[in-house]
Amino acid sequence: MFGFRKKKEKTASAEKVTEVNKKTKKSGALFSKLRSGLSKTGNALTSGMTAVFIGTKKIDDETLEDLETNLLIADVGMEATQQIIDDLMHRIDNKELKDVDSLINAMQENMLKILQPVSRPLVIEKRPEPTVILMIGINGAGKTTTIGKLAKRFQAEGKSVMLAAGDTFRAAAVEQLQVWGERNKIPVIAQGTGADTASVIYDAMQSAKANNVDILLADTAGRLHTQDNLMEELKKVKRVIQKLDGNAPHEIMLVIDASIGQNALIQAQQFNKMLGVTGITVTKLDGTAKGGILFAIAQNLDIAIRFIGVGEGIDDLQTFDAKEFVQALLTPPDH
Ligand SMILES: Nc1nc2c(ncn2[C@@H]2O[C@H](COP(=O)(O)OP(=O)(O)O)[C@@H](O)[C@H]2O)c(=O)[nH]1
Ligand SMILES: [Mg+2]
């Protein structure tokens with residue numbers, strides 16, 4: 001089935017994909033980090049896109065069916081996939097898609113159209129009171145890791161930062177944050193394990209205000225006895241924060257693990273319904289073939305995607321940029 005001739009054609013198509021991307025792609029370490037991080041998702045999409053041309057002269061229904069499958073495998077989701085495929089079908093009818101280049105360009109346009117509206121970076125305004133960022137999400141999503149990455153980033157921007165050790169549920173969590181804070185000279189407000197999260201964050205807000213801190217990052221627990229329990233706890237946290245500052249929290253940042261695929265969308269919908277999420281960080285985009293989840297989120301929820309996590313290291317957090325993301329997705333690895 002995969003004879004020599006076909007293999008050759010596949011390589012030629014892969015080169016075309018790269019060529020198109022070279023024209024527009026940003027160079028530099030950040031881009032290559034993002035691209036290599038996304039290589040598994042990218043693989044699913046780009047190799048799928050290249051594969052659909054094997055033995056095909058013209059772009060037809062079969063091409064689109066294969067493409068559709070690849071989008072679904074990457075967890076782009078039904079609705080976003082349908083939107084992309086419908087547009088491509090329309091373009092085929094209009095005889096606009098004549099070759100690989102035009103298909104890839106059309107794909108890029110479609111993907112951007114979906115992601116652009118949620119590509120809204122977090123802006124920290126100058127305020128008389130500390131900016132409060134409340135981090136929420138299920139256990140293991142990457143909240144504490146992301147807090148560390150954000151703290152370093154804000155510090156590098158010349159802002160003063162404080163952390164609230166609001167995950168009082170796990171014994172090691174508080175200590176972990178304290179040790180990290182000490183090492184990085186970032187103050188951490190904590191009470192003992194089992195303390196009330198809302199009370200820890202209340203304390204931290206007062207301390208942040210007294211010390212003229214610019215940004216308070218508040219950690220929370222991700223696992224309680226039941227999902228209802230977790231939501232009630234977080235609602236209480238939000239109420240208590242608002243008692244001290246009616247404008248806070250200035251950001252309710254949901255942290256989502258990309259590798260859980262479509263479940264991430266359900267989680268985002270639940271958290272949003274209960275708490276009103278204002279920003280999303282999608283973690284673990286390195287090492288997953290399910291980076292398409294961003295499209296599903298964009299298509300179903302009008303919530304800004306602020307950052308993406310592409311590794312466990314302190315610098316492995318990037319401001320989400322729709323254009324850069326799509327380019328990284330459609331650039332095959334090893335190029
Ligand atoms: N590969 C990868 N691992 C991550 C990323 N973000 C977090 N992690 C890892 O995910 C695990 C859980 O993270 P943690 O911050 O403790 O999650 P939390 O329970 O939400 O606070 C840790 O092992 C982190 O190193 C990411 O962007 N990429
Ligand atoms: Mg944690």
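In strand 3, Ile189 is the bridge partner of Ala164, a residue belonging to strand 2 (residues 161-164). Strands here are DSSP runs of E of at least two residues, and helices are runs of H or I of at least four residues, both numbered from the N terminus. Strands 2 and 3 run parallel and are joined by 2 bridges; two strands are taken to pair if DSSP finds at least two bridges between them. The structure is a predicted model, in which local features need pLDDT of at least 70 and side-chain atom pairs count only at pLDDT 80 or more, while totals for chains, interfaces and linings use all residues. Residues are numbered from 1 along each chain as its sequence is written, chains are lettered from A and ligands numbered from 1 in the order in which they are written, and side-chain values use heavy atoms, with hydrogens and water left out.

Residues are classed as buried under 20% relative accessible area, exposed over 50% and partly exposed in between, using a 1.4 Å probe and protein chains only. Thr131, Ile133 and Met135 point one way from strand 1, whereas Val132, Leu134 and Ile136 point the other way. Strand 1 runs parallel to strand 4 (residues 215-218), to which 4 bridges join it, and a further parallel pairing of 4 bridges links strand 1 to strand 5. Ile133 takes part in both pairings: Leu217 stands opposite Ile133 in strand 4, and Glu251 is the bridge partner of Ile133 in strand 5.

Glu251 also forms a salt bridge with Arg306, with the closest N and O atoms 2.8 Å apart. This pair links distant parts of the chain, Arg306 lying in strand 7 and Glu251 in strand 5, 55 residues apart. Both partners are buried, Arg306 at 12% relative accessibility and Glu251 with a relative accessible area of 1%. Elsewhere, Asp87, Arg91 and Glu109 are joined into one network by salt bridges that share partners. The whole structure contains 10 salt bridges, each defined as a side-chain nitrogen of Lys or Arg within 4 Å of a carboxyl oxygen of Asp or Glu.

Another salt bridge joins Glu232 and Lys235 (3.4 Å, N to O). These residues are 3 residues apart in helix 10 (residues 227-244) and are therefore separated by about one helical turn. Glu232 is partly exposed, with a relative accessible area of 44%, and Lys235 is partly exposed at 25%. The side chains of Arg127 and Glu125 likewise meet in a salt bridge (3.9 Å, N to O), and Arg127 is partly exposed at 28% relative accessibility.

Ligand 1 has 16 residues around it, of which Gly140, Lys143, Thr145, Asp286 and Glu312 come nearest; a residue is counted if one of its heavy atoms lies within 4 Å. Oxygen atoms of ligand 1 lie 2.5 Å from a polar side-chain atom of Thr145, 2.9 Å from a polar side-chain atom of Thr144 and 3.0 Å from a polar backbone atom of Lys284.

Notes
Polar contact = N/O pair within 3.5 Å; in protein donor to acceptor, adjacent residues only side chain to side chain.
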